[in-house]
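Biologist: I would like to learn how to read a model like this one, feature by feature. Could we begin with pockets?

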Amino acid sequence: MQRIAQVIRLRPEKRDEYVALHRAVPEPVLARLRASHIADYSIHLLGDRLFSYFEYHGDDLEADLRAVAADPATQEWWKLTDPCQERVPEAAPGEWWAAAEQVFLME
């Protein structure tokens, strides 16, 4: 199992919209995440930063993330959520949500 943590900026003027959207994530979007071996997915907000965490239980994260990105329901969902977000300066080239480094784990 891999733990994935990521960060992105939430546009302050889009805060209420983003929070409202996540009160009712479409079931096909959630089903695609589950089919891609993603579990325990959560998003947290602090100031203008969103922090996401999920656990990946598959064998090929890149392939499963490509399947998520190719999913029509997810693409429609991202049309709603992406305008609420902005890359952080720490994001690598081509990276939307910046990967966060794990520095501590207590199991």
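Biologist: How many nonpolar, polar and charged residues does the lining of the largest pocket have?

Modeller: The lining of the largest pocket has 23 nonpolar residues, eight polar ones and four charged ones. Here a pocket is an open set of points on a 1 Å grid over the protein atoms alone, where a 1.4 Å probe fits and protein lies on both sides within 12 Å along at least five of seven lines, and lining residues have an atom within 4 Å of a point. Ala, Val, Leu, Ile, Met, Phe, Trp, Tyr, Cys and Pro count as nonpolar, Asp, Glu, Lys and Arg as charged, the others, Gly among them, as polar. This is a predicted model, in which local features need pLDDT of at least 70 and side-chain atom pairs pLDDT 80 or more, while totals for chains, interfaces and linings use all residues. Residues are numbered from 1 along each chain as its sequence is written, and side-chain values use heavy atoms, without hydrogens or water.

Biologist: Which element gives the largest share of that lining?

Modeller: Strand β2 gives the largest share, with eight residues. At least two lining residues come from each of β1, α1 (15-21), α2, β2 (38-46), β3, α3 and α4, where helices (H or I, at least four residues) and strands (E, at least two) are DSSP runs numbered from the N terminus.

Biologist: Which residues of helix α3 are buried?

Modeller: An α-helix has 3.6 residues a turn, so residues three or four places apart point the same way. In α3 (residues 61-70), L61, D64 and V68 are buried, which is to say under 20% relative accessible area, with exposed over 50% and partly exposed in between (1.4 Å probe, protein chains only). Seen down the axis of α3, these buried residues fall within an arc of 70° (taken from the directions from axis to C-beta atoms), so they line one face of the helix. On the other side of α3, E62, R66 and A70 are exposed.

Biologist: How many salt bridges does the structure hold?

Modeller: Side chains of opposite charge can pair when their charged atoms come close. The structure holds nine salt bridges, each a side-chain nitrogen of Lys or Arg within 4 Å of a carboxyl oxygen of Asp or Glu. In one of them R34 meets E27 at 2.9 Å, N to O; R34 is exposed at 51%, whereas E27 is partly exposed at 47%.

Biologist: Which parts of the chain does the salt bridge of E90 and R49 link?

Modeller: The closest N and O atoms of E90 and R49 are 3.7 Å apart. This pair links distant parts of the chain, 41 residues apart, with E90 in the loop between β4 (85-86) and β5 (98-99) and R49 in strand β3. E90 is exposed, at 55% relative accessibility, and R49 is partly exposed, at 32%. Elsewhere, salt bridges that share partners join R9, R11, D48 and E86 into one network.
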